[in-house]
Amino acid sequence: MSSIKQPGEKNLMLFSGRAYPELAEEVAQHVGVSLTPTKLIDFANGEIYARYLESVRGCDAFVIQSHTAPINQWIMEQLIMVDALKRASAKRITVVMPFYGYARQDKKGRGREPITARLMADMFKTAGADRLMSIDLHTSQIQGFFDGPVDHLFAMPVLESYLKNKLDLENTTVVSPDTGRVRLSERWADTLGTPLAFIHKRRDLDVANQVKVSEVVGRVRGRTCVLIDDMIDTAGTICKAADALYEQGATNVITAATHAVFSDPAVDRLKNSRISEVIVTNTLPLAEANRFDKLTVLSIAPLIARAITEVFQDGSVTSLFEGDT
């Protein structure tokens with residue numbers, strides 16, 4: 001006899017950090033489970049303590065944490081939660097990070113710079129993660145930083161479904177706000193059946209979040225333009241891109257992005273911009289102070305829940321996107 005098998009069933013357990021419990025609760029409802037009770041506290045000196053209040057031995061664990069501000073605290077908390085699961089004998093640990101912190105630091109643009117996106121992957125692997133799951137990574141190459149499976153989910157089906165019901169696609173152009181987002185925008189244009197345009201910009205490497213828009217390439221005059229991006233941080237890129245489109249004769253500009261980071265002064269810029277609607281998903285929490293009239297927030301929880309279910313049942317995550325990888 002080469003092995004001993006005991007009867008048993010796989011056991012899915014869902015865990016949430018403190019960064020964004022509302023999203024985790026919504027995901028849990030769609031999966032059909034309750035969040036596992038977890039004790040998470042901060043000591044007086046800022047150290048984080050984690051302990052699970054139920055046995056996790058042999059479970060298929062999914063740890064959800066959105067990397068929002070204060071981002072370093074919540075990343076550290078998720079790492080500690082993964083370590084606790086590993087030491088408590090969880091069978092498989094999947095880290096679910098709707099927004100991958102430090103994703104923009106994915107390469108060396110100049111000498112003596114870090115590749116912090118790779119460091120993030122290394123830390124979670126060392127902590128004990130077997131698998132990563134994230135939505136709309138800043139660049140696809142980040143998948144290769146983790147030595148194990150990475151489920152790269154796309155918010156495009158959620159955003160597209162909303163836009164298809166309100167746009168006249170015959171008079172719409174999908175626009176990439178910079179050359180780095182052209183491939184993503186091409187996929188949008190192909191799915192919606194619209195023309196594609198892009199904006200050539202230059203960024204000041206010595207000043208963070210400073211963007212200079214150069215020129216618009218593509219057919220935008222007299223059309224509704226949909227600006228596509230993976231995230232809106234300070235909104236400098238998006239707002240300057242919208243101004244450039246109006247200068248070239250666009251009649252309406254809408255923006256659709258996955259991650260609403262909304263660092264200051266993003267909200268003021270968007271409120272006062274000529275953009276008619278800002279569409280985002282709820283991968284990150286949004287305070288009431290950061291909500292405004294032309295903001296639309298779509299839920300990403302059903303997509304995350306379906307992906308978790310597919311992973312747990314050894315199904316196909318790729319099938320959720322009809323062949324996109």
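## Close-up views of a predicted model

View 1. With a relative accessibility of 13%, Thr-237 counts as buried, because buried here means under 20% relative accessible area. The residue is found in helix α6, which spans residues 236-247. Thr-237 is also one of the positions that the unreviewed UniProt entry annotates as "binding site", together with Arg-203, Asp-229, Asp-233, Thr-234, Ala-235 and Gly-236. Of these annotated residues, Asp-229 is included in the lining of the second largest cavity. As in every view of this set, the coordinates shown belong to a predicted model.

**View 2. The buried face of helix α4.** In helix α4, which covers residues 156-164, the buried residues are Met-156, Leu-159, Glu-160 and Leu-163. When the helix is seen down its axis, these buried residues fall within an arc of 100°, and they therefore line one face of α4. The buried residues of α4 pack against helix α5 (182-192) and against the strands β11, β12 (252-260), β13 (277-281) and β14 (295-298).

**View 3. The surroundings of Thr-68.** Thr-68 has its place in the loop between strand β4 (60-64) and helix α2 (71-87). With a relative accessible area of 14%, Thr-68 is buried. When residues up to four places away in sequence are not counted, Thr-68 touches Ala-19, Trp-74, Leu-284 and Pro-285.

**View 4. The contact between domain 1 and domain 2.** The protein is divided into domain 1, made up of residues 12-153 together with 302-316, and domain 2, made up of residues 157-203 together with 212-284. Twelve residues from domain 1 and ten residues from domain 2 take part in the contact. The C-alpha centres of domain 1 and domain 2 lie 29 Å apart.

How values were computed. Residues numbered from 1 in each chain as written. Predicted model: local features only at pLDDT ≥ 70, side-chain atom pairs only at ≥ 80, totals over all residues. Heavy atoms only, no water. UniProt positions renumbered as here; feature names shortened; annotations may be inferred. 1 Å grid on protein atoms, 1.4 Å probe; cavity = no way out; pocket = protein on both sides within 12 Å on 5 of 7 lines; lining within 4 Å. Helix = DSSP H or I, 4+ residues; strand = E, 2+ residues; numbered from the N terminus. Buried < 20%, exposed > 50% of the residue type's maximum accessible area, 1.4 Å probe, protein only. Arc of directions from axis to C-beta. Contact = heavy atoms within 4.5 Å. Domains from an automatic or database assignment.
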